[in-house]
4 protein chains.
Amino acid sequence: MSSSERRFVISFGCPDRTGIVSGISSFIAEFGGWIVEAGYHTDIETGWFFTRQEVLADSLPFGIEELRERFAAVAEELGSESSWRVSDTGERRRVVILVSKDGHCLHDLLGRIGSGELDVDLRAVIGNHPDLGPITEAHGIPFHHVPFGKDPAAKAEAFEQVRSLVDEHDPNAIVLARFMQVLPPELCEAWAGRALNIHHSFLPSFAGARPYHQAYDRGVKLIGATCHYVTAELDAGPIIEQDVIRVDHTDDVADMVRKGRDIEKLVLARGLRAHLEDRVLVHNRRTVVF
Amino acid sequence: MSSSERRFVISFGCPDRTGIVSGISSFIAEFGGWIVEAGYHTDIETGWFFTRQEVLADSLPFGIEELRERFAAVAEELGSESSWRVSDTGERRRVVILVSKDGHCLHDLLGRIGSGELDVDLRAVIGNHPDLGPITEAHGIPFHHVPFGKDPAAKAEAFEQVRSLVDEHDPNAIVLARFMQVLPPELCEAWAGRALNIHHSFLPSFAGARPYHQAYDRGVKLIGATCHYVTAELDAGPIIEQDVIRVDHTDDVADMVRKGRDIEKLVLARGLRAHLEDRVLVHNRRTVVF
Amino acid sequence: MSSSERRFVISFGCPDRTGIVSGISSFIAEFGGWIVEAGYHTDIETGWFFTRQEVLADSLPFGIEELRERFAAVAEELGSESSWRVSDTGERRRVVILVSKDGHCLHDLLGRIGSGELDVDLRAVIGNHPDLGPITEAHGIPFHHVPFGKDPAAKAEAFEQVRSLVDEHDPNAIVLARFMQVLPPELCEAWAGRALNIHHSFLPSFAGARPYHQAYDRGVKLIGATCHYVTAELDAGPIIEQDVIRVDHTDDVADMVRKGRDIEKLVLARGLRAHLEDRVLVHNRRTVVF
Amino acid sequence: MSSSERRFVISFGCPDRTGIVSGISSFIAEFGGWIVEAGYHTDIETGWFFTRQEVLADSLPFGIEELRERFAAVAEELGSESSWRVSDTGERRRVVILVSKDGHCLHDLLGRIGSGELDVDLRAVIGNHPDLGPITEAHGIPFHHVPFGKDPAAKAEAFEQVRSLVDEHDPNAIVLARFMQVLPPELCEAWAGRALNIHHSFLPSFAGARPYHQAYDRGVKLIGATCHYVTAELDAGPIIEQDVIRVDHTDDVADMVRKGRDIEKLVLARGLRAHLEDRVLVHNRRTVVF
């Protein structure tokens, strides 16, 4: 059985009670659905139940639309309200990437896409500087340069332009790959749960600007990176993935920047993959990553 | 809800097919069982299905014996044969530890038990040298010194004595905490699935004797440790847990031994905990650790 | 050559300039001193030079006192003022440990001492609760229970008592092994550079109380621990060592506490070893750890 | 002071004795040389001494050629014979990369070069398959396709062609970036100390073919990668760098391949950087990496 066989993915959350697993699995079993991966989690603190299930598409007698309709009734009965979705691994995910001048995360994502590891439909890269246009276009991806002025009006206008460039693709993920601009609240809202940022520190340490300088000044022995959903509060959104790397006294700020880049790339790539595979369920400010 | 609330733990494996999750969860739901933790895994390569479920004991209308009887029917229907068990977190696990002269793993386990972190019934420590008797007894645990001769007959006799000292406690785990003797095949068989060893290398590298010397000679940049079930083939049993630590050219063999001890302690403690919580399911030579 | 052969250790810092290495090494060479380990570091940001050298004691024609006297002249010429020391690995380091109720760090240190890994002269353990008395005494170490009242006067008096119990041993290290009391400024001053704390978070994240609860609330994917010198500003002293361990959504606060303990023990043991071997040189708020 | 200021790098090894550090540092001090980074190591087992020093080029009154000549006398006096070299960070390192079909390591290196992180003169990429030509050329680097036949004669001829394509650039590093052909002994010899391979396992485990399949079959809990110098004995050359990543029962071989790639990329990039900065000193089968 190939791991690339088409699957329907059910992500689901509801208040915990008895019979949920039975309810969902019986629904799937009734139609002969073959579950190939399943995760369950009960958060005892909040009393919330989470599950994610992958069902072989060919094992069900109907398609994604009918599955969605039929499952809606199960979800309603279990009190899930809007905390569920059903997706199809056969549909390639649409992605838009926002960048500035620093290219390491973009290079990394382009390399993953180019080598076939990350099978997504990268629709566009948008930069507030033109620097990363050539490498983007060398990979056959459209690049849009949207200059950002310094005064608020120019900035607002630039964001309007970014918004329309992004929204025309209705992307599953908007990736802020070291995009050095703070999204305005209305974009945080519009892209809630779809906009991912990579922050170059192990949050909550060193939120805000120049985290490697902060890390150097504090004399920490590990530096890190954090992939999180963008919310209106800066660097405070739900965390999807984090990792760290060891540094010591021989590392100056430039060394930290260099070593940190490797962690930023890894953490962003892992976070994005988990997001696109519908593995991330958000509840309050925390995430379950199946 | 306290995490120490009493639970029944179901561990289960069978050939994969549709309807297994539904079958098990419906059985639990039928009696109002409250599942507080559940893991599911399908090994696509071998076509084998694994699950582990924790059900609140008080949510069921019967005790462990009746659960076991009733579940046996479910297991039989799903073709599990003997690949399942039901256990009770309210029963403290019985443990016997075998040691030689090196005390770091024993010290660590005694510390975890003494500080309440590892809540087990440590019945006895058996050593082929007397060195670790005093610290064992300072923790209020019986220590047995069983000297091992060098000739085969003396060794066989010593193993007989160890066997009877161990078996009288019918332990859930026999821990070889840097016990430097190779178990004879009949003991590997008798204690199959219950005897855990900590090997001081990242297996399969450096199996056999003096792994840190081997690691030093090969010039590796990380050293490790492996907790595995003991089988008749030396250092080749199913692996439960492994970890590594970085070394460099400044570390001589003595440094590796010292740094490696920290990894041995961690890996053994994690492996033992997983085993005692019935989180480890063995299939062929590989483990699922829920 | 045994690594336990007696050595003189020179730790030294001064403003960077040319000729320092030459000056120090020529001094050592002049008397036939055999350098078996040497670290050098220039901090470009602050223009400060650091070195640590281990010289075989038997390779020099004089003892520690004369070495100290002779080296003082070299240090003065290089502008080191008081930023240097010369120590003798043949003198066992004196240690006092302060504890409260949580025993995991104490158990770990006692185990390391008991198994011979950490060869120090542990003079006393002092607890503001009596709980850890028995295990301390089982290892043959004196335990002092100093109850801490809640009102400031009682607290001040208790600290006076702790101070005199500590100071009578003139310890090389005072280890706060999860001692839950904040040292008063005068003790921070009196024990500057000798008092080590283990904080149960990856500082500067989650300074202050209940760091695992803070970590859980923020939804971080790694938790950590920090060993640092105690200074008057809480949890802000120079960091000696840090490490982290991965957690995920299945870990509640109790799991984080349990997993975090393993990191606390490791980080404290490594930090203490580095300190006792005179490997840690402090400059401003950062450390060089050779 | 910028870290990119031009430096002369002295790498040096000789039998250990007293006075080496003094000899070298006095030589540098005599001419006012400013040492900005220095590493020293004595391997007690083999009695061999290693050092690496970075001296600011502008602090010396002569250039690299005269430094080399003058230092030769010092080296001879200390018995170093040919175990030393002096290099100039102002000279960009020449690199040739050999690839097959798998592009992740090449993508990664091209990204590092393109983003300015790895400042090398990549002269050519040579592939035994044409697949990675377009991405190479998109980065402005010449790509040569050298088809490898299956019979020994065709293979030998292909290797001759590769050899001449490589040798015309006199490269400081020949990088086997998942080049799936075993170098013939004469090339191992000709490129000794300059040919680096990335092996997709934590050597010495799983040397040879299909290491991820071997790792899966053995059920290890961590997989790794190894960057080593190529020698005539397959996968047995001196190790420069290694790292690992955690896997569990949910990872099938394809997942291991995907996760392993991230480690391969990191380990190769780190190993290559260390090599190009003359940080790696080989003695017998082990490396010192300053």
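Biologist: Across the interface of chain B and chain D, how many residue pairs are in polar contact, both at pLDDT 80 or more?

Modeller: Bear in mind that this is a predicted model. The contact there puts 35 residues of chain B against 34 residues of chain D. Counting across that interface, with both partners at pLDDT 80 or more, the residue pairs in polar contact come to 23.

Biologist: And which element gives the most to the side of chain B that touches chain D?

Modeller: Start with the elements of chain B that each supply at least two residues: β2 (35-43), α7 (211-218), β11 (239-246) and β13 (286-289). By class, that side of chain B has 14 nonpolar, eight polar and 13 charged residues. The top contributor, with seven residues, is β11(B).

Biologist: Which three residues supply 25% of the area that chain B buries against chain D?

Modeller: The size of an interface is often given as the accessible area lost when the parts come together. Here chain B and chain D bury about 3,200 Å² between them, with 50% of it on carbon and sulfur atoms. On the chain B side, the trio that supplies more than any other three residues is Arg218(B), His249(B) and Arg286(B).

Biologist: What about charges: which residue forms a salt bridge with Arg246(B)?

Modeller: The rule finds four salt bridges across the interface of chain B and chain D. In one with Arg246(B), the closest N and O atoms are 3.1 Å apart, and the partner is Glu241(D).

Biologist: Switching to chain C and chain A, how many residue pairs are in polar contact there?

Modeller: That contact takes 34 residues from chain C and 35 residues from chain A. The two chains bury about 3,200 Å² between them, 50% of it on carbon and sulfur atoms. With both residues at pLDDT 80 or more, the count of pairs in polar contact is 24.

Biologist: How do the residues of the side of chain C that touches chain A divide into nonpolar, polar and charged?

Modeller: The elements giving two or more residues to that side are β2 (35-43), α7 (211-218), β11 (239-246) and β13 (286-289) of chain C. Of these, β11(C) gives the most, with seven residues. By class, the side divides into 14 nonpolar, eight polar and twelve charged.

Biologist: Which residue of chain C meets Arg246(A) in a salt bridge?

Modeller: Four salt bridges turn up across the interface of chain C and chain A. The one involving Arg246(A) has an N to O distance of 3.5 Å, and the chain C side chain is that of Asp243(C).

Biologist: Which side chain does the side chain of Glu264(D) make a polar contact with?

Modeller: Glu264(D) sits in helix α8 (residues 253-276) of chain D and, at 0% relative accessibility, counts as buried. Leaving out residues up to four places away in sequence, Glu264(D) touches several others, among them Cys105(D), Arg178(D) and Tyr212(D). The polar contact, at 2.7 Å, is with the side chain of His104(D).

Biologist: How far apart in sequence are the parts that Asp119(D) and Arg92(D) tie together?

Modeller: Asp119(D) and Arg92(D) form a salt bridge, with the closest N and O atoms 3.2 Å apart. Asp119(D) lies in the loop between α3 and β6 (121-127), and Arg92(D) in the loop between β4 (84-88) and β5 (94-99), so the separation of the parts they tie together is 27 residues.

Biologist: Over all chains, how many salt bridges does a search of the whole structure find?

Modeller: One of the pairs is Glu54(B) with Arg52(B), whose closest N and O atoms are 2.8 Å apart, and both residues are buried. Over all chains, the search finds 124.

How values were computed: Residues numbered from 1 in each chain as written. Chains lettered and ligands numbered in written order. Predicted model: local features only at pLDDT ≥ 70, side-chain atom pairs only at ≥ 80, totals over all residues. Heavy atoms only, no water. Contact = heavy atoms within 4.5 Å. Buried area = accessible area lost by both parts, 1.4 Å probe. Polar contact = N/O pair within 3.5 Å; in protein donor to acceptor, adjacent residues only side chain to side chain. Helix = DSSP H or I, 4+ residues; strand = E, 2+ residues; numbered from the N terminus. Nonpolar A, V, L, I, M, F, W, Y, C, P; charged D, E, K, R; others polar. Buried < 20%, exposed > 50% of the residue type's maximum accessible area, 1.4 Å probe, protein only.
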